[in-house]
Amino acid sequence: MNLDRLRTLYAVARHGSVSGAAEGLHVTTSAVSQQLSKLERETGQQLLAKNGRGVRLTDAGRLLSDHAARILSQVELAQADLEAQRGHAVGELLLGAFPTAVRGLFPAALERMRAEHPQLRARLQEMEPDESVPAVVRGDIDLAVVLDWYNKPLPVPGGLVKAALLDDLVDVAMPADHPFADRSAVEPEDFVDDEWVSWPEGGFCYDWLMVTLRGKGIEPHIRHTAREHQTQLALIAAGLGIGVIPRLGRGPVPEGVRMVPVSPPTMRRHVYAIWRADADRRPSIRAAVDVLRSVGEKIVD
């Protein structure tokens, strides 16, 4: 049985659809269908059945998909061992990271990886942790840079390895004419009557903000939401509220906005790299983590 066809079947099982498998494998849906048809001919079994407008795995398809998962894991272990034997970072490394890490950490990190490991071909995708963690588990990417907050850990599934990269402090952003704009430090309790600019509802960072402020007896008035920190800062510059803005990847602060540290400086995001344990011996993984940690240390300094 062809390994690429087994990988395609496993992708359908993981994603639950042909279109999802195509997206995860970065191929067309017709390519997925062709691979599965060839696999059915190779095995002499029907592996997919129609299910409404979509498809489902047959009993034979589920059985073969379970075997495919173990086979692909063994292949990854073999690749990791071969790479470890060569002793240097080579080949393709698929990376995922949340937006501010892409902007604030990866330009310098990718440049350094290219200089120090010329045979390593890194490819980066911007992904939120709720996308990148499952992608690592599925094997769609090799390594993800994710975050959690000091009081809200990010659950990491079993079978993954985690390494700390840096701690990212946050400040309170406020209009320049805010009564606390000239302070050297503030506390969240100072803003019980303010309106807030926040991340969209339902996101990990939005949930953290609500938990943190409510834990201090504040019921926040969320007036505006935006995903990008620069958009949040533009709203704050217009006098439309205050916000909590991390320092990583922040970029230029607009005129009319003041960034005031939180005292004590406990409000922070923890930034991690995660990867599959069966790829732990790959020099490319270790090289990427070392570079990311080194660049992160300079950012913190």
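Helices (H or I, at least four residues) and strands (E, at least two) are taken as DSSP runs and numbered from the N terminus. On this basis the protein has 10 helices and 11 strands. The structure is a predicted model, in which local features need pLDDT of at least 70 and side-chain atom pairs count only at pLDDT 80 or more, whereas totals for chains, interfaces and linings use all residues. Residues are numbered from 1 along each chain as its sequence is written, and side-chain values use heavy atoms, with hydrogens and water left out.

The C-alpha trace of the protein spans about 75 × 50 × 30 Å along its principal axes. Burial was classed by relative accessible area (buried under 20%, exposed over 50%, partly exposed in between; 1.4 Å probe, protein chains only). Of the 301 residues, 44% count as buried. With contact defined as heavy atoms within 4.5 Å, 75% of the contacts between residues at least 6 apart in sequence join residues at least 24 apart.

A nonpolar core is a set of buried Ala, Val, Leu, Ile, Met, Phe, Trp, Tyr and Cys residues joined through side-chain atoms within 4.5 Å. The largest such core has 51 residues, and those with the most contacts inside it are Leu 105, Leu 143, Val 145, Leu 165 and Leu 292. At least two residues of this core come from each of several elements, including β3 (91–97), β5 (143–149), β6 (160–175) and α8 (204–215). Helix α10 gives the most to this core, with seven residues. Domain 2 and domain 3 each supply at least three residues of this core. Not counting residues up to four places away in sequence, Leu 105 touches Thr 100, Val 145, Leu 165, Leu 166, Leu 248, Leu 292, Val 295, Gly 296 and Ile 299. A second, separate core of 15 residues includes Val 32, Leu 39, Leu 47 and Leu 48.

The axes of helix α2 (residues 18–25) and helix α3 (residues 29–43) come within 8 Å and cross at roughly 105 degrees. Axes are lines fitted to C-alpha atoms, for helices over the stretch in contact, and angles run from 0 to 180 degrees between N-to-C directions. Helix α2 is therefore roughly perpendicular to α3 (65 to 115 degrees; under 35 counts as roughly parallel, over 145 as roughly antiparallel and the rest as oblique). In this contact, Val 18, Ser 19, Ala 21 and Ala 22 of α2 meet Thr 29, Val 32 and Ser 33 of α3. Thr 29, in helix α3, is partly exposed, with a relative accessible area of 41%. Leaving aside neighbours within four places in sequence, Thr 29 is in contact with Val 18, Ser 19 and Ala 22. The C-alpha atoms of Thr 29 and Ser 17, 12 residues apart along the chain, are separated by 9.8 Å.

Two further positions were examined. Ser 198 lies in strand β7 and counts as buried, at 0% relative accessibility. Beyond its neighbours within four places in sequence, the contacts of Ser 198 include Tyr 206, Leu 209, Ile 222 and His 224. Asp 177, in the loop between β6 and β7 (195–198), is exposed, with a relative accessible area of 68%. Asp 177 and Arg 258 are 81 residues apart in sequence and 8.8 Å apart in space, C-alpha to C-alpha.

Terms used. Domains from an automatic or database assignment.
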